[in-house]
Amino acid sequence: MLLSSTIAHSQYPELVEGDGEQDVALTIHEELVGDLLRHLDVHKSMGLDGIHPRSCRMENYKKTKIVEKPCPLPFADLPPDIIEMKVKDGSKIRNLMGYAIGKMELDSVRQILFTGSGKAVSKTITCVEIMKRRLKELHQITKVLFKQIEEIWEPIVPEAGLDALTVKRNIPAICVLLSKDALDPQEPGYQAPGSFNAFWIETLKAESQAQMKRKQGGGRGAGSTGKQPRATGGHGEPGVRS
């Protein structure tokens with residue numbers, strides 16, 4: 001989490017530069033901020049830095065606005081008139097897919113792009129899988145990335161003299177390109193036609209194997225406990241339901 005306000009404390013010398021001057025834009029972990037808040041004296045008057053201790057207590061604020069920062073699409077040479085389905089957390093899948101399928105059934109439309117971020121990532125994947133089952137022989141390229149949002153927090157009581165806060169967050173996002181025409185199979189994230197759920201299954205397998213290696217490296221793996229690792233694959237594979 002990034003806070004635009006300057007926060008410094010004698011317990012954290014890394015927050016102060018070598019010449020003793022406080023930095024004006026610090027990257028602070030949430031647990032560090034929580035520790036700082038627990039040690040604040042809320043009855044203390046405003047200090048020389050001009051920041052009242054109460055200004056850091058979030059119960060005195062309310063979130064009033066969320067701004068999504070522009071994020072370039074991670075694909076090169078996209079048609080200028082490509083249809084982009086921007087999936088939101090509150091979007092209705094029936095409405096999205098009714099429009100998207102109607103467009104892709106036209107011979108003149110060759111590609112469509114699905115994008116979503118935050119809580120809408122899983123809904124974006126669901127829309128993609130529905131499209132692939134409705135229209136066969138679609139090539140797919142999936143890109144996973146992070147995008148930045150800004151949360152604007154306003155003081156609940158404006159007369160208290162508190163300043164507004166801007167909190168910057170990086171949230172997960174996904175972009176999926178579906179094409180009737182062949183795409184580069186060497187492009188990372190490529191899926192051939194007919195490979196339903198393959199990308200997500202392979203990702204889950206890789207994560208599972210990485211977790212197993214970490215456990216074995218710590219001496220708590222299946223070999224030391226006598227337990228057999230749970231099998232993956234087959235009907236036990238998790239997937240995206242449409």
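Throughout this tour, a residue is called buried when its relative accessible area is under 20%, exposed when that area is over 50%, and partly exposed in between, as computed with a 1.4 Å probe on protein chains only. The model is predicted, so local features need a pLDDT of at least 70 and side-chain atom pairs count only at pLDDT 80 or more, while totals for chains, interfaces and linings use all residues. Residues are numbered from 1 along each chain as its sequence is written, and side-chain values use heavy atoms, with hydrogens and water left out.

**First stop: lysine 63 and glutamate 151**

Select lysine 63, which at 43% relative accessibility counts as partly exposed, and then glutamate 151, which is buried with a relative accessible area of 5%. Their side chains meet in a salt bridge with an N to O distance of 3.5 Å, the term standing for a side-chain nitrogen of Lys or Arg within 4 Å of a carboxyl oxygen of Asp or Glu. Because lysine 63 lies in strand S2 (residues 61-68) and glutamate 151 in strand S5 (residues 139-155), the pair ties together parts that are 88 residues apart in sequence. Strands (E, at least two residues) and helices (H or I, at least four) are DSSP runs, numbered from the N terminus.

**Second stop: glutamate 150 and lysine 69**

Move to glutamate 150, which is buried with a relative accessible area of 15%, and select lysine 69 with it, a residue that counts as partly exposed at 32% relative accessibility. These two form a salt bridge in which the closest N and O atoms are 3.9 Å apart. Glutamate 150 belongs to strand S5, whereas lysine 69 sits in the loop between S2 and strand S3 (83-87), and the pair links distant parts of the chain, 81 residues apart.

Which residue meets the side chain of lysine 143 in a salt bridge? Selecting glutamate 187 shows the partner, with an N to O distance of 2.8 Å. Lysine 143 is in strand S5 and glutamate 187 in the loop between strand S6 (165-179) and strand S7 (190-191), so that distant parts of the chain, 44 residues apart, are linked by the pair. Here the lysine 143 side is buried, at a relative accessible area of 15%, while glutamate 187 is partly exposed at 29%.

Select aspartate 77 in the loop between S2 and S3, where the backbone has a positive phi of about 60 degrees although the residue is not a glycine. Aspartate 77 is exposed, with a relative accessible area of 80%. Then go to glutamate 137, in the loop between helix H3 (121-134) and S5, which is likewise not a glycine and has a positive phi of about 65 degrees. Glutamate 137 counts as exposed at 57% relative accessibility.

**Last stop: threonine 124**

Finish in helix H3 with threonine 124, which counts as buried at 0% relative accessibility. A polar atom of the threonine 124 side chain lies 2.7 Å from the backbone oxygen of alanine 120. Display the surroundings as well: leaving aside residues up to four places away in sequence, threonine 124 touches Val87, Phe114, Thr115, Gly116 and Ile174, where contact means heavy atoms within 4.5 Å.

Notes. A polar contact is a pair of N or O atoms within 3.5 Å; within protein, one must be able to donate a hydrogen and the other to accept it, and residues adjacent in sequence count only if both atoms are side-chain atoms.
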